[in-house]
Amino acid sequence: MRTQRLAGAVISVLALALLATGCGGGSDDGGGKTKKAGGTTAADRVEPLAAVPEPALPVTVDSADGTKVTVTSADRLVPLTGSLNEIVFTLGLGKRVVARDITATFEQAAKLPVVTRAHDVSAESVLSLRPTLVIAETTTGPAEAIDQIRDAGIPLLVVEPAKSLADVGTRITTVAHALGVDAAGKQLSTRTAERIAAVQKRIPAAGDGGKPRVAFLYLRGSASVYLLGGRDSGASSLLEAAGAVDAGKESGLDKDFTAITSEALAKAAPDAILLMTKGLDSVGGAEGLVKIPGVAETPAGLDRRFVSVDDGVLLNYGPRTDQVLASLVEQLYPDGV
């Protein structure tokens, strides 16, 4: 899932998820469980580092909005996206987090108060928790709320959202440095990279048919949102890391998303279709998916070759990216992993 704010006419995949569903994050059943492909359930948890780091503060860091931020305390943290919450918890600082964004649905964060309303930050809710540091993304909004938090004298760090596997390590170390736990950041970045590499070693070599062509569809049936991902959807890096071809990108779709049409799907000609779990559920599962115009006529539709990954982690590009990639690989190559 995932930048979390609306951004004008061109909306990123994660903001689309929040706009259309009325909720973000994984397919949560209210008890810290997430649905996986095939209907099984597993605990939706992050895996913190074994040793709890002690922040070495103060530090002064560059914020992505052009300001400098001096962090003097990491005692009360408010990460304003699910992805940022995930990084802070995995670094071992979860006990210092006092609030969460609505998209932070993993088990360790589930009981924290939510400080977003309709997916916009509530400055009043944030300030009431007396945070010593707020961490946001460049897409976090509204701007008035961000200004209100900063005007109250609360250190507020803005970081760039992750868009590809190449951003994973940088994003982890950026957050870790701001929290004064550089060694933990390096350790987590290394662990994540090694796990991603281990998954990639299990990818079968391309067969006679070449690499599988995979189209990323963003669906919210209840809101009549049916979109085909293009070059900037955020999924290309994952698909390519999984040894696949982003069918939307390869068919010439240069934007993030375009409305699904029979013509666009025919041109993309996907061998498989990637979806967020909630998106697939919202159209009635596989049987509902093939009723969307054009889907049934694609190779993916004919073979019912549909791949789903939980909303809360699919496009986070964070410490659980190896799990996302592993799920993608296992579903794309069920006979060859």
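Two strands count as a pair if DSSP finds at least two bridges between them, and the strands themselves are DSSP runs (E, at least two residues), just as helices are runs of H or I with at least four residues, numbered from the N terminus. The model you have open is predicted, so local features need pLDDT of at least 70 and side-chain atom pairs count only at pLDDT 80 or more, while totals for chains, interfaces and linings use all residues. Residues are numbered from 1 along each chain as its sequence is written, and side-chain values use heavy atoms, with hydrogens and water left out.

**First stop: strand β11**

In the hairpin of β10 and β11, 4 residues lie between the strands, and S224 takes a positive phi near 55°.

How many of the 5 residues of β11 are buried? The count is 4, so the strand is mostly covered, where buried means under 20% relative accessible area, exposed means over 50%, and partly exposed lies in between (1.4 Å probe, protein chains only).

**Second stop: strands β8 and β9**

Move to residues 133-137 for strand β8, which runs parallel to β9 and is joined to it by 4 bridges; I135 has L157 of β9 as its bridge partner. Strand β9, residues 156-159, is covered on both faces, with L156 and V158 buried on one side and L157 and V159 buried on the other.

Select helix α2 (residues 82-93) together with helix α6 (residues 182-200), whose axes come within 10 Å and cross at roughly 110°; axes are lines fitted to C-alpha atoms over the stretch in contact, and angles run from 0 to 180 degrees between N-to-C directions. The two helices are therefore roughly perpendicular to each other, a term that covers angles of 65 to 115 degrees. To show the contact (heavy atoms within 4.5 Å), select I87, T90 and L91 of α2 with A184, G185, L188 and R191 of α6.

Finally, pick S189, which also lies in helix α6. This residue counts as buried because its relative accessibility is 17%. Leaving aside residues up to four places away in sequence, S189 touches G169, I172 and T173.

Terms used: Angles under 35 degrees count as roughly parallel, over 145 as roughly antiparallel, 65 to 115 as roughly perpendicular and the rest as oblique.
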